[in-house]
Amino acid sequence: MNRLGVFLIALSFIGLSFSAFCQQRKGFCGAKPMPIEQIRMMGIPSYSSCDVINRVERTLQISLHIAVDSLGETNISNAQIDGALQQLNIDFAPSGLQFVYCFRDTMPNDRFDSLGVYWDYNESIQMTSIHFEPNTINLYLVGTLGIDALPDVAGLAGAGGIVMIEKSSYGFGSLVQAHEFGHYFSLAHTFEDAGMELVDGSNCAIAGDGICDTAADPDPEGNADEECNYSGSVMQDPNGDWYVPPTDNIMSYYPCGRRFTVGQYNRMIAFYLNALSYLW
Ligand SMILES: [Zn+2]
């Protein structure tokens with residue numbers, strides 16, 4: 001069984017209802033994004049020919065919940081916290097969506113700081129129910145999210161308005177936050193259904209991430225050389241066309257860049273307007 005299979009079994013065993021779950025650029029990521037069909041039923045198109053971002057000027061509120069260790073230390077600096085928000089606002093600036101911290105607390109139960117170790121249904125539910133501010137994005141900063149079978153998990157985003165990120169992956173320059181917020185706003189990985197999306201774009205609305213201005217991506221491992229050229233083992237799609245994956249895309253797993261496409265911005269905006277009215 002491959003690692004994705006192990007992950008999916010682990011996810012169903014844990015019983016979490018997160019719509020997406022992943023670590024980024026540490027070696028392995030599994031995800032369970034909202035199915036493309038579900039997105040389409042909400043009236044959100046695939047943006048096959050967009051060349052303009054449908055900006056919406058809104059500032060959304062983040063509630064920050066910070067776990068402490070057994071000594072009561074948060075192990076994160078204000079500079080990290082401020083830098084992370086600054087980076088998030090840079091990454092989302094083209095969409096018009098911006099973010100502020102509206103609430104901050106520390107979580108005295110130190111088991112939440114080692115959420116990977118104690119990561120079961122009860123611990124997660126306990127954490128996200130005790131520490132939750134309605135009508136905001138609830139962002140949990142913890143020491144470890146990884147578990148033995150999945151040691152590299154650095155972040156996840158889920159239904160109901162939550163995002164979890166390891167403190168070591170939080171700060172200015174980190175890609176994890178932008179990636180997890182992408183999931184929060186319904187984006188899938190570019191490599192979703194790896195190998196099913198065709199290079200010529202003919203099935204881009206129903207395969208891959210369901211967004212047509214992100215190139216077909218066959219590689220959930222994000223293999224790229226030092227110059228960010230794709231170096232995975234799957235070179236051609238079923239038609240024999242050569243892959244040129246989006247190695248600079250935030251929702252890929254290549255370690256090479258930080259970019260959302262116009263289509264990705266538009267899907268996030270549409271999802272915000274259609275499905276996240278609790279943030280309005
Ligand atoms: Zn992901």
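Student: Are Cys204 and Cys212 buried or exposed?

Tutor: This is a predicted model, and in it a disulfide joins Cys204 to Cys212, with a sulfur-to-sulfur distance of 2.0 Å. Residues count as buried when their relative accessible area is under 20%. On that basis both Cys204 and Cys212 are buried.

Student: Which hand does the link of Cys228 and Cys256 have?

Tutor: Cys228 and Cys256 form a disulfide in which the sulfur atoms lie 2.5 Å apart. The pair links distant parts of the chain, 28 residues apart, with Cys228 and Cys256 both placed in the loop between H5 and helix H6 (262–275). The angle about the S-S bond is -105°, and the link of Cys228 and Cys256 is left-handed.

Student: Why does Cys228 count as partly exposed?

Tutor: The partly exposed class lies between the buried limit of under 20% and the exposed limit of over 50%. Cys228 falls in this class because its relative accessibility is 25%.

Student: Why is helix H5 largely enclosed by the rest of the structure?

Tutor: Helix H5 covers residues 175–184, and its buried residues include Leu175, His179, Phe181 and Tyr184. The helix is largely enclosed because the number of its residues that are buried is 10 of the 10.

Student: Which residue caps the N-terminal end of H5?

Tutor: The cap is made by a side-chain oxygen, which lies 3.1 Å from the backbone nitrogen of Val176. The residue that supplies this oxygen at the N-terminal end of H5 is Ser174.

Notes. Residues are numbered from 1 along each chain as its sequence is written. This is a predicted model: local features need pLDDT of at least 70, side-chain atom pairs count only at pLDDT 80 or more; totals for chains, interfaces and linings use all residues. Side-chain values use heavy atoms; hydrogens and water are left out. Buried means under 20% relative accessible area, exposed over 50%, partly exposed in between (1.4 Å probe, protein chains only). Helices (H or I, at least four residues) and strands (E, at least two) are DSSP runs, numbered from the N terminus. A polar contact is a pair of N or O atoms within 3.5 Å; within protein, one must be able to donate a hydrogen and the other to accept it, and residues adjacent in sequence count only if both atoms are side-chain atoms. A disulfide is a pair of cysteine sulfur atoms within 2.5 Å.
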